[in-house]
Amino acid sequence: MSLDKVKNEVVKETLALRTIADIKNITTEKIAMQVQLSRNTVSQYLNELLKSGAVVQVKSRPANFFDRETFSKLFFKPQALIYSTLAALTAEQSATQSVFQSFIGSQESMRIGIEHITTAINYPPNGLPMIFSGSTGVGKSYLAKLTYDYCVEKGILSEQAPFMTLNCAQYYHNPELLSSNLFGYAKGSFTGATTDFKGLLESADGGVLFLDECHRLDPESQEKLFSFMDTGTFQRMGKIMLHGEQTCA
């Protein structure tokens with residue numbers, strides 16, 4: 001069907017976009033040439049696709065069109081179907097742009113998840129802890145860093161606030177070393193502890209601590225971590241309770 005040919009060509013041209021400015025190259029005349037139909041016929045089909053919400057129009061001279069769904073995956077989700085100029089479309093991007101835009105799927109498959117993240121960050125008074133769950137390689141570490149960047153961008157954290165990472169899997173066979181690195185220890189708490197040591201939890205106070213592979217924490221360390229999340233206090237090995245701000249994530 002000719003309508004499908006036009007739609008597929010618009011999708012193809014949209015996929016080829018490298019920047020939003022490249023939309024100026026997707027014209028009715030170009031599409032007509034590619035699908036070997038008359039300009040008037042293609043114009044009619046494009047108007048049908050516009051009415052159905054499948055494509056977006058930029059009313060320049062000549063007019064430009066792009067596939068809405070494909071564009072949303074590449075850049076951001078347009079709020080309108082018709083824009084007076086390309087600058088108007090670009091301005092909308094600037095208004096909605098945040099650090100999460102660089103995460104694949106931020107406007108589609110991950111949109112709700114990112115909304116949950118921002119809600120947790122802004123939960124009074126100091127935000128809520130979060131767990132990022134997913135298969136290896138899906139971008140959990142990157143999303144954690146973007147969460148920190150978002151906090152800085154919105155002024156929730158200062159630019160000097162720490163972002164610290166602990167890979168719990170590296171200490172899977174040595175839970176005591178993991179616990180000491182995470183919570184710290186007091187001088188004399190064990191052989192070789194010649195000075196006080198500030199753990200990552202204390203070092204990340206007021207910032208973000210990302211525990212990669214946190215399911216590798218031994219039960220005792222998990223209990224200490226949950227206690228901190230609940231009460232805002234923790235204990236160095238061999239020392240009394242310390243108080244700290246709850247971190248952003």
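**A buried tyrosine and its surroundings**

Guide: Y150 lies in helix 7, and the coordinates discussed here belong to a predicted model. With a relative accessible area of 10%, Y150 falls under the 20% limit and is therefore classed as buried. Leaving out residues up to four places away in sequence, the contacts of Y150 are V99, F100, T118, I121 and N122.

Helix 7 covers residues 140-153, which gives it 14 residues. From its first C-alpha to its last it reaches 20 Å, close to the 20 Å expected at 1.5 Å a residue. Besides Y150, its buried residues are K140, L143, A144, L146, T147, Y148 and C151. An α-helix has 3.6 residues a turn, so residues three or four places apart point the same way. That spacing can be read from the buried positions, which include K140, L143, A144, T147, Y150 and C151. The buried residues of helix 7 pack against helix 6 (111-121), strand 4 (163-167) and strand 5 (208-212). After helix 7 comes G155, a residue with a positive phi near 80 degrees.

Strand 4, one of the elements packed against helix 7, leads on to C168, which is placed in the loop between strand 4 and helix 8 (175-183). C168 counts as buried because its relative accessibility is 0%. Apart from neighbours within four places in sequence, its contacts are L178, L211, D212, E213, C214, R216 and L217. L178 is 10 residues from C168 along the chain, and the two C-alpha atoms are separated by 7.0 Å. E213, also in contact with C168, is found in the loop between strand 5 and helix 10 (219-231). Although E213 is not a glycine, its phi is positive, at about 55 degrees. Its relative accessible area of 28% makes E213 partly exposed, whereas C168 is buried.

Other backbone details occur elsewhere in the chain. Q36, in the loop between helix 2 and helix 3, likewise has a positive phi, of about 60 degrees, without being a glycine. Q36 is exposed, because its relative accessible area of 71% is over 50%. In the loop between strand 1 (55-58) and strand 2 (64-67) lies P62. The peptide bond joining R61 and P62 is cis, with omega about 0 degrees.

Helix 2 (residues 28-35) and helix 3 (residues 39-52) meet at an angle of about 110 degrees, with their axes 9 Å apart. Because of that angle, helix 2 is roughly perpendicular to helix 3. Helix 2 contributes T28, E29, I31, A32 and V35 to the contact, and helix 3 contributes R39, V42, S43 and L46. By class, these residues comprise 5 nonpolar, 2 polar and 2 charged.

Helix 1 (residues 2-15) takes part in two further contacts. Its axis and that of helix 2 come within 10 Å and cross at roughly 115 degrees, and the crossing is right-handed. On the side of helix 1 the contact uses K5, V6, E9, V10 and E13; on the side of helix 2 it uses K30, I31, Q34 and V35. This contact divides into 4 nonpolar, 1 polar and 4 charged residues.

With helix 3, helix 1 has a crossing angle of roughly 75 degrees, and the axes come within 10 Å. The two are therefore roughly perpendicular to each other. S2, L3, V6, K7 and V10 of helix 1 meet V42, Y45, L46, E48 and L49 of helix 3. Here the classes are 7 nonpolar, 1 polar and 2 charged. V6 and V10 take part in the contact with helix 2 and also in the contact with helix 3.

Notes: Residues are numbered from 1 along each chain as its sequence is written. This is a predicted model: local features need pLDDT of at least 70, side-chain atom pairs count only at pLDDT 80 or more; totals for chains, interfaces and linings use all residues. Side-chain values use heavy atoms; hydrogens and water are left out. Axes are lines fitted to C-alpha atoms, for helices over the stretch in contact, and angles run from 0 to 180 degrees between N-to-C directions. Helices (H or I, at least four residues) and strands (E, at least two) are DSSP runs, numbered from the N terminus. Angles under 35 degrees count as roughly parallel, over 145 as roughly antiparallel, 65 to 115 as roughly perpendicular and the rest as oblique. Contact means heavy atoms within 4.5 Å. Ala, Val, Leu, Ile, Met, Phe, Trp, Tyr, Cys and Pro count as nonpolar, Asp, Glu, Lys and Arg as charged, and the others, Gly among them, as polar. The expected span of a helix is 1.5 Å times one less than its number of residues. Buried means under 20% relative accessible area, exposed over 50%, partly exposed in between (1.4 Å probe, protein chains only). A crossing is left-handed if the near helix is turned anticlockwise from the far one by less than a right angle, and right-handed if clockwise.
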